[in-house]
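User: Could you walk me through reading helix packing in a model like this one? I'd like the general idea each time, then the case at hand.

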Amino acid sequence: MKINLVFDGNFLYHLSFSIFSTYYRNEDLCEVLDDREKRQVLIRKCVMNLCAAVRRFGDDVNRVVVVIDSHSWRREVYDDYKYALTRVKEPWSDAFVEVLGEFEALLRKRGLIVTRVPGAEGDDLMMLWAFALDELPDEETVILTADSDIRQLITPTVSVFNYNSKFMKFYVFPGRVFGTNAWMLTSRSSRPRRWRFCCIRC
């Protein structure tokens, strides 16, 4: 069975940044992100996390898709949309977004499928990819994200994997045994004690 992986690019980037920032705990992040070499460290961390997640699925991976947020159309509809989350802007926010753009450019250069649509958030794009890939015969899709809302997209052939190393969970359709479960549970690169396989009732 072929497997399609759809990555929440913003989750991947924030997860990588959370680790990257600990490397420079006592430094000004504005200066850190202005340093070209340190930017490359962050981008390499993103690539390493992406590759590590892909390797969990072995040789069955058919295509890799990365979706990235744009300025949401919802902001034009709801005056207070995510207001509490965005009203305080970090001084390094602009540089943070610039590096995300550099990471996106690298993925495109390397031939990965990257989807970023003006006005669309990552969850909008994950939904569209889930619907499109769900129509393909003999293929399964895994959406890699920590966004719990995405579990609404689970079908017999669409699963959700939260690959945060502190809290790994794999969500599947009730009664469904995902084809690569055995590989992931026995691989030396995985940590069996941390895996949680959950069936979601829709």
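Analyst: Of the 202 residues of the protein, 43% count as buried, where buried means under 20% relative accessible area, exposed means over 50%, and partly exposed lies in between (1.4 Å probe, protein chains only). Keep in mind that this is a predicted model, in which local features need pLDDT of at least 70, side-chain atom pairs count only at pLDDT 80 or more, and totals for chains, interfaces and linings use all residues. Residues are numbered from 1 along each chain as its sequence is written, and side-chain values use heavy atoms, with hydrogens and water left out.

User: How many helices and strands does the protein have, and in what order do the elements run?

Analyst: Helices (H or I, at least four residues) and strands (E, at least two) are DSSP runs, numbered from the N terminus. Here there are seven helices and seven strands, and from the N terminus on the order is β-α-α-α-β-α-α-β-α-β-β-β-α-β. As for contacts, the word means heavy atoms within 4.5 Å. Among contacts between residues at least 6 apart in sequence, 70% join residues at least 24 apart.

User: Now the helices. How do I describe a packed pair?

Analyst: Two packed helices are described by the angle between their axes and the distance between the axes. Axes are lines fitted to C-alpha atoms, for helices over the stretch in contact, and angles run from 0 to 180 degrees between N-to-C directions. Take helix H1 (residues 9-23) and helix H5 (residues 93-109): their axes come within 11 Å and cross at roughly 120°.

User: Which residues of H1 and H5 meet?

Analyst: From H1 come Asn10, Leu12, Tyr13, His14 and Phe17, and they meet Phe96, Val99, Leu100 and Phe103 in H5. By class, that contact has seven nonpolar, two polar and no charged residues. Ala, Val, Leu, Ile, Met, Phe, Trp, Tyr, Cys and Pro count as nonpolar, Asp, Glu, Lys and Arg as charged, and the others, Gly among them, as polar.

User: What about H3 and H5: at what angle do they pack?

Analyst: About 55°, with the axes of H3 and H5 10 Å apart. H3 and H5 are therefore oblique to each other. H3 passes H5 in a right-handed crossing. Residues of H3 in this contact are Arg36, Arg39, Gln40, Leu42, Ile43, Cys46, Val47 and Leu50, and those of H5 are Ala95, Glu98, Val99, Glu102, Phe103, Leu106 and Leu107. They divide into ten nonpolar, one polar and four charged.

User: Is glutamate 102 buried, partly exposed or exposed, and what does it touch?

Analyst: Glutamate 102 sits in helix H5 and is partly exposed, with a relative accessible area of 21%. Not counting residues up to four places away in sequence, glutamate 102 touches Arg36, Arg39, Gln40 and Ile43. The C-alpha atoms of glutamate 102 and isoleucine 43 are separated by 7.9 Å, though these residues are 59 residues apart along the chain.

User: And how do H1 and H3 cross?

Analyst: Their axes come within 9 Å and cross at roughly 130°. That makes H1 oblique to H3, and the crossing is right-handed. Asparagine 49 lies in helix H3 and is buried, with a relative accessible area of 15%. Leaving aside neighbours within four places in sequence, asparagine 49 is in contact with Leu12, Ser16 and Ile19.

Note on methods:
Parallel < 35°, antiparallel > 145°, perpendicular 65-115°, else oblique. Left-handed = near helix turned anticlockwise from the far one by under 90°.
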